[in-house]
Amino acid sequence: MLVSRDVSKPRILVIEDEADIAEILQYNLEREGFEVEVEPRGDRALEIVRRRPPTLILLDLMLPGLDGLELTRMIKRDERTATLPIVMLTARDEEVDRIVGLELGADDYLAKPFSPREVVLRVKAVLRRTRQDSHQAPTYEAGDLRLDVAGHRFLVDGDEVPLTATEFRLMKVLMGRSGRVQSRARLLSDVWGYAEDVDSRTVDTHIRRLRRKLGDEAKRIETVIGVGYRLRA
Ligand code: CA
């Protein structure tokens with residue numbers, strides 16, 4: 001079969017072993033102008049990601065070969081693929097998996113059963129955020145923290161600290177508005193790109209992970225009880 005490839009199209013890798021779900025995702029994403037590749041096995045998906053990194057990954061958690069959490073761990077550990085946006089597909093009530101997924105660096109998640117429309121909206125929101133990241137180029141500083149947007153580098157006391165794509169955006173928002181309280185709702189909207197249907201604990205999970213990476217500078221991210229967070233300038 002001859003497959004034509006349009007290089008300008010964002011390419012979505014759908015890693016899902018349930019054929020009917022994969023087919024619905026593929027149909028709806030292709031209709032929106034995305035190029036879609038489907039892979040039902042986790043281990044083979046990792047090979048695809050390494051050989052030809054997609055624009056975004058839609059990832060089911062229960063997979064043959066290599067499960068979704070382990071796959072995420074391996075993608076995030078490899079600096080060539082660490083910033084690839086990942087949207088996880090979780091069964092409803094698999095809250096533990098969801099939290100672990102975000103801890104590992106997934107950018108978003110969708111609980112099954114989801115509507116195809118919802119998937120398309122989330123995928124577009126994540127891609128929009130990723131693009132914005134590469135278009136704005138200031139450098140922010142606060143204490144020993146330094147965020148170089150163009151170089152996509154984050155330094156603590158002169159040492160580079162690797163951040164996931166979401167952590168980087170969160171840090172950029174906090175540093176760009178240092179001294180001002182940012183509510184969880186505002187952060188969800190500005191960092192994650194949408195405001196409804198999301199647990200505010202998503203924000204807390206990412207803040208916790210960021211603080212761990214900041215070492216002595218962790219205190220610079222202040223919790224404002226009942227409201228949200230503020231970066232001390
Ligand atoms: Ca599955």
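Predicted model: local features only at pLDDT ≥ 70, side-chain atom pairs only at ≥ 80, totals over all residues.
Reader: OK, what is the order of the strands in the four-strand sheet?

Author: The order is β6-β7-β8-β9 in an open sheet with antiparallel pairing, where strands (E, at least two residues) and helices (H or I, at least four) are DSSP runs numbered from the N terminus, and two strands pair if DSSP finds at least two bridges between them. The edge strands, each pairing on one side only, are β6 (139–142) and β9 (159–160).

Reader: How many bridges join β6 to β7, and what does the turn look like?

Author: Four bridges join β6 to β7, and A142 stands opposite L145 of β7. The hairpin of these strands has two residues between them, and G143 takes a positive phi near 55 degrees there.

Reader: And what about β7 with β8?

Author: Those two strands are antiparallel and pair over four bridges, with L155 in β8 as the bridge partner of R146. Their hairpin has four residues between the strands, and H152 in the turn has a positive phi of about 50 degrees.

Reader: Which residue stands opposite V156?

Author: That is D159 in β9, and β8 and β9 pair over two bridges in the antiparallel sense. In the loop between β8 and β9 you will find D157, whose phi is near 50 degrees, a positive value in a residue other than glycine.

Reader: Which helix packs on this sheet?

Author: Helix α6 packs on the sheet and touches β6, β7 (145–148) and β8, where contact means heavy atoms within 4.5 Å. The direction of α6 makes about 115 degrees with that of β7; axes are lines fitted to C-alpha atoms, for helices over the stretch in contact, and angles run from 0 to 180 degrees between N-to-C directions.

Reader: Switching to the three-strand sheet, what is its order?

Author: This open sheet has the order β10-β12-β11 with antiparallel pairing, and its edge strands are β10 (182–183) and β11 (221–224). Helix α6 (residues 165–176) packs on this sheet as well, touching β10, β11 and β12, and its direction makes about 65 degrees with that of β12.

Reader: How do β10 and β12 pair?

Author: Strand β10 pairs with β12 (residues 228–231) in the antiparallel sense over two bridges, and G228 in β12 is the bridge partner of S183.

Reader: New topic: how much space lies in the largest pocket, and why is it between the domains?

Author: About 390 Å³ of space lies in it. On a 1 Å grid over the protein atoms alone, a pocket is an open set of points where a 1.4 Å probe fits, with protein on both sides within 12 Å along at least five of seven lines, and lining residues have an atom within 4 Å of a point. Domain 1 (11–132) and domain 2 (137–231) both give residues to the lining, so the largest pocket lies between them.

Reader: Which residues are closest to its centre?

Author: Of the 20 lining residues, K76, A82, P162, L163 and T164 are the closest to the centre of the largest pocket. The lining divides into seven nonpolar, three polar and 10 charged residues.

Definitions and conventions: Residues numbered from 1 in each chain as written. Heavy atoms only, no water. Points joined across faces, edges and corners; volume = space filled by probe spheres on them. Nonpolar A, V, L, I, M, F, W, Y, C, P; charged D, E, K, R; others polar. Domains from an automatic or database assignment.
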